[in-house]
Amino acid sequence: MQIAAEFGCTAIGIEVRAELVEIANAMHKLISEAVQSKGKKMGEVTFIHGDATDESLMFSILPRTTIIFMNNYCYPPSMQGALEQLFHAALQNNTRILAIKARWYISCQITQFNNSKIFSRTYFRVVKKILSGGKDLKN
């Protein structure tokens, strides 16, 4: 959501827990109002109550995806495997994936994977670098 606020890009979040989707929507409303009060335009943000391993849902989203951030620290191996298969089938070659948990994607070779640290500052620095075409940004 913060990247959509800063860069105006589209962001889609998928969450299996309905209460977290409600919290995210409330946060989105507050952040959107704050961005507008500063005279800026925020990118489109959508939160979906669903399962990230649902093939029909993911095939409707993944082909147009350029950056994926996964807070996959607690994902069970079965979910990691299902997501890996979906990524192989649906992602474009230039998609970048930032994942908190390292080494689950060893066999994926069609996309570039980066490991981010849990700290959001590091994540946003990596995303800024990707969105700026690889230029090193300091913040």
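**Entry 1: salt bridges**
I went looking for salt bridges in this predicted model, and the count came to two. I kept the cut-off beside me: a Lys or Arg side-chain nitrogen has to sit within 4 Å of an Asp or Glu carboxyl oxygen.

**Entry 2: Arg 17 and Glu 19**
I started with the pair Arg 17 and Glu 19, whose side chains meet in a salt bridge at 2.9 Å, N to O. Buried or exposed, or something in between, for Arg 17? I got 44% relative accessibility for Arg 17, so I wrote down partly exposed. Glu 19 came out at 41%, so Glu 19 is partly exposed too.

**Entry 3: Lys 29 and Glu 33**
Next I checked Lys 29, which forms a salt bridge with Glu 33. How far apart are the closest N and O atoms here? I noted 3.9 Å, and since the rule says within 4 Å, the pair counts. I then looked at where the two sit: Lys 29 and Glu 33 are four residues apart in helix H2 (residues 18-37), so about one helical turn separates them. Lys 29 has 55% relative accessibility, so I put it down as exposed. Glu 33, with a relative accessible area of 42%, is partly exposed.

**Entry 4: Leu 98**
I moved on to Leu 98, and found it in strand E4 (residues 96-99). Is Leu 98 buried or exposed? Its relative accessibility is 0%, so Leu 98 counts as buried; the cut-off for that is under 20%. I also looked up Ile 67: 31 residues in sequence lie between the positions of Ile 67 and Leu 98, yet their C-alpha atoms are 7.6 Å apart in space.

Technical notes: Residues are numbered from 1 along each chain as its sequence is written. This is a predicted model: local features need pLDDT of at least 70, side-chain atom pairs count only at pLDDT 80 or more; totals for chains, interfaces and linings use all residues. Side-chain values use heavy atoms; hydrogens and water are left out. Buried means under 20% relative accessible area, exposed over 50%, partly exposed in between (1.4 Å probe, protein chains only).
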